[in-house]
Amino acid sequence: MDVLLFLIPALPLAGALVNGLLGGLLPRALRAGIAVGAVAASCVLTLVLWPLAAGTGTRATLFTWLDSGSLQVPVEILFDPLSASMTLMVTAVSTLIHLYAAGYMEEEVDTARFFTLLNLFVFAMLLIVLADNLLLLFLGWEGVGLCSYALIGFWYAKTQNAAAGRKAFLVTRVGDVFLGIALLWLFSLFGTLSISSINAQAPLLDSGTLLLLTLLLLGGACGKSAQLPLMTWLPDAMAGPTPVSALIHAATMVTAGVYLLCRLFPLISLSPTGLACIALVGALTALYAASCALVQTDIKRVLAFSTMSQVGFMMLAVGVGSVSAALFHLLTHAFFKALLFLAAGCVIHLAAGENDLTRLGGMRKESPFLFWMFLIGVLCLAGAPLTGGFFSKDGILLADFARATPFYWTTWALSSLTALLTSIYAFRLLYLVFLGEPRDRRTKSPYLPDTMRWTLPPLALAGLLGGLLNLPPLFGGTERLTMFLGDLAGATLHVGLAVEWFLLLLATALFALGWALVHLRLRYELRSPSGRFGDFLLRAWRVDDLVARLVVRPFQWVGEVLWLWGDRRLIDGAVEGTGRLCLAGGELLRRWTTGRLSTYLYSLAGGAAAILIYLLIRAW
Amino acid sequence: MIVPMTHILAISAAMFVMGLACVLAQRNLIRILIGFEIMLNAVGLTLVGASALWQKVDGQIFVIFLMAVTSAEVAIALALVVYLRRRKATLEADAYAGMKG
């Protein structure tokens, strides 16, 4: 029974192998069928094996991958409440996205490659989620990096897409370096890479080491989850096909960082300063991304910044010490963000490839169905009362507020402001795309593949009812997720009923205020980012310029200097100099070979004389 | 040994230098060849002298070899000379600069 757990990641891998090796020979429908089937099967399998997760979970070992001295890396799976809920979300949402992709890529030629990478992506993510060994986790960690690189640059014929893929790869790699250092350090400290035993032994460490380890792990998480210093790749990642964006943003990749911190929470929770850093990074990223999302004119870029912002909320939850709040928001966010992305993909499809907000508009009349689906997504994102997003976001704000220190009140204020901004940009997006009159838009293509259309309702339902996962007692719930997580849930909250009501009302007020602001003031105002501030926000606070100035250009300069002076002058100079010296020497000797016998004879005589003289001197 | 070694060495050295002078100074191919032969003979004389001095027959055997090789060499060299003379109608050594680098 335990060994069946390995089938969960193995099925998508098998799907990837079949499509990768034989995809070109198979009929188109079968390629998509294999990919969807593989992920759906592991989703079903997760549900079947669900009882194994209860309590402290089940641990299964397949074989020892690396066995070198004290380094033991078994292929080991830990199926506990945390990884089980995550696995279920990843497989379920990925199944729907795969199904959507089957319709989305209907007219694409190279679907074998696409579905191979998509399946491989899910496999790598499942490896991260299920691995009980940090090195195995790292394998999945790099796997999602590779797959995101290949998928973002799927249409690589366009230089811009290839560059976006490369950027995602390189920027997340910076985070991976931190994680790599953390892994090596943990190994040297504990002599093992098993997550369970590291978590168990963590209390033995002193606080300085713990803080540094937490910061290193945070660095790794920042790369994958697109948090503050390493977030520039996420908006550019929109260059990939829409299902890929949905997969990266909802089910995999960006949640990996949050999950890593949740997984190692017993370790990082021992360092209050480290937690504060995580909370600060999360809150600042949330605010930063929300402010950027306010003025974006590309429908997918708005969603990208929104993801960054929501992941910031999750990081904040981890920093606050509430794994259950982080996981809760992660799950509901996966549902509604996948919904939003897939619906946005449908919109773009209907508008014949148009994704510029200034040209869209009036989409409601063309497809009421899409309007309702998108509306549900927006309501969840903006935190409309009683939707999944409302409860999960409120859970984070509550946990933050309950810490009751000036620092956490500050992050709480920041994230409340972010919640307001979220409501504003979410409704702005809705108004600009669906309401009003169609603006400058090409004729639409009314055809929408069924697989694209019918993946939306399940996600909408999950998004709306997501709150039931962890309904607070205030609404008659039992906090099921928190109960299910048990010891893994992190800090327990002690807040009064009044505070809870206050926060709920505040969240509702913020949601309503955001909607009212958009409805009354902005509505269809495009806020063309002509002003200095608008431009500043549109360009994501000019971080790309900053990175270019601080990192890229110095690097280029160093490279140029090394190339010009090190390579061209020094190495090439030495090599070519030797060659030229030999040539010059040859030229000099060439004059000697006159071809005249007498010259040679004189040389012979001179040489003999020289030898004689030498011998004479020696003999003396 | 009746003749002292120094005398032999002196004579062969003188012969060698004279041969060398001939080789270096002459422009005619045949004369250069003659100079070579004189040098070789000087060397042979030294070998015979040394052989007699040390009472070993090696040197004399060596000289016999030298004569055999020399005769072969002369045969080839003279053939070459005849051939060269046919090509350029001259035996001036400097006329043959075809191997100029």
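Biologist: How many aromatic pairs does the structure hold over all chains?

Modeller: This is a predicted model. The structure holds 17 aromatic pairs over all chains.

Biologist: What describes a pair of aromatic rings?

Modeller: Two things do: the distance of the centres and the angle of the planes. Now take a case. The ring centres of A:Phe114 and A:Phe154 are 5.2 Å apart. Their planes stand at 70°, so this pair is edge-to-face. The reasoning needs one cut-off: planes over 60 degrees apart count as edge-to-face.

Biologist: Where do A:Phe114 and A:Phe154 lie?

Modeller: A:Phe114 lies in helix H4 (residues 111-130) of chain A. A:Phe154 is in the loop between helix H5 (134-152) and helix H6 (159-190) of chain A. The pair therefore ties together parts that are 40 residues apart in sequence.

Biologist: Are A:Phe114 and A:Phe154 buried or exposed?

Modeller: Both A:Phe114 and A:Phe154 are buried.

Biologist: Let us turn to helices. Which way do residues three or four places apart point in an α-helix?

Modeller: They point the same way, because an α-helix has 3.6 residues a turn.

Biologist: How many residues has helix H8 of chain A, and what span does it reach?

Modeller: Helix H8 (residues 207-225) of chain A has 19 residues. From first C-alpha to last, H8 reaches 26 Å. That is close to the 27 Å expected at 1.5 Å a residue.

Biologist: How many residues of H8(A) are buried?

Modeller: 14 of the 19 are, so H8(A) is largely enclosed by the rest of the structure. Now step past its end. Just after H8(A), A:Ala226 takes a positive phi of about 55°.

Biologist: Which phi does A:Met253 have?

Modeller: Phi of A:Met253 is near 50°, a positive value in a residue other than glycine. A:Met253 lies in the loop between helix H10 (242-251) and helix H11 (254-263) of chain A. A:Met253 is buried, with a relative accessible area of 0%.

Biologist: What is the phi of A:Ala404, and where is this residue?

Modeller: A:Ala404 is not a glycine, yet its phi is positive, at about 50°. A:Ala404 sits in the loop between helix H18 (388-402) and helix H19 (406-434) of chain A. At 43% relative accessibility, A:Ala404 counts as partly exposed.

Biologist: Now the cysteines. How many disulfides does the structure hold?

Modeller: Zero, over all chains. To read this, use the cut-off: the two cysteine sulfur atoms must be within 2.5 Å. For A:Cys147, the nearest cysteine sulfur is that of A:Cys43, 20 Å away. For A:Cys292, the nearest is that of A:Cys222, 16 Å away. A:Cys292 counts as buried, at 0% relative accessibility.

Biologist: Which residues does UniProt list for the chain 5 N-terminal domain?

Modeller: An unreviewed UniProt entry lists residues 65-115 of chain A for "domain: NADH-Ubiquinone oxidoreductase (complex I) chain 5 N-terminal". In the model, that span is 57% helix and 25% strand. Its end C-alpha atoms lie 27 Å apart.

Biologist: Into which domains is chain A divided?

Modeller: Chain A is divided into domain 1 (271-538) and domain 2 (547-619). Taken over C-alpha atoms, 70 Å separate the centres of these two domains of chain A.

Key:
Residues numbered from 1 in each chain as written. Chains lettered and ligands numbered in written order. Predicted model: local features only at pLDDT ≥ 70, side-chain atom pairs only at ≥ 80, totals over all residues. Heavy atoms only, no water. Helix = DSSP H or I, 4+ residues; strand = E, 2+ residues; numbered from the N terminus. Buried < 20%, exposed > 50% of the residue type's maximum accessible area, 1.4 Å probe, protein only. Expected span 1.5 Å × (residues − 1). UniProt positions renumbered as here; feature names shortened; annotations may be inferred. Phe/Tyr/Trp six-rings, centres within 6.5 Å; stacked < 30°, edge-to-face > 60°. Domains from an automatic or database assignment.
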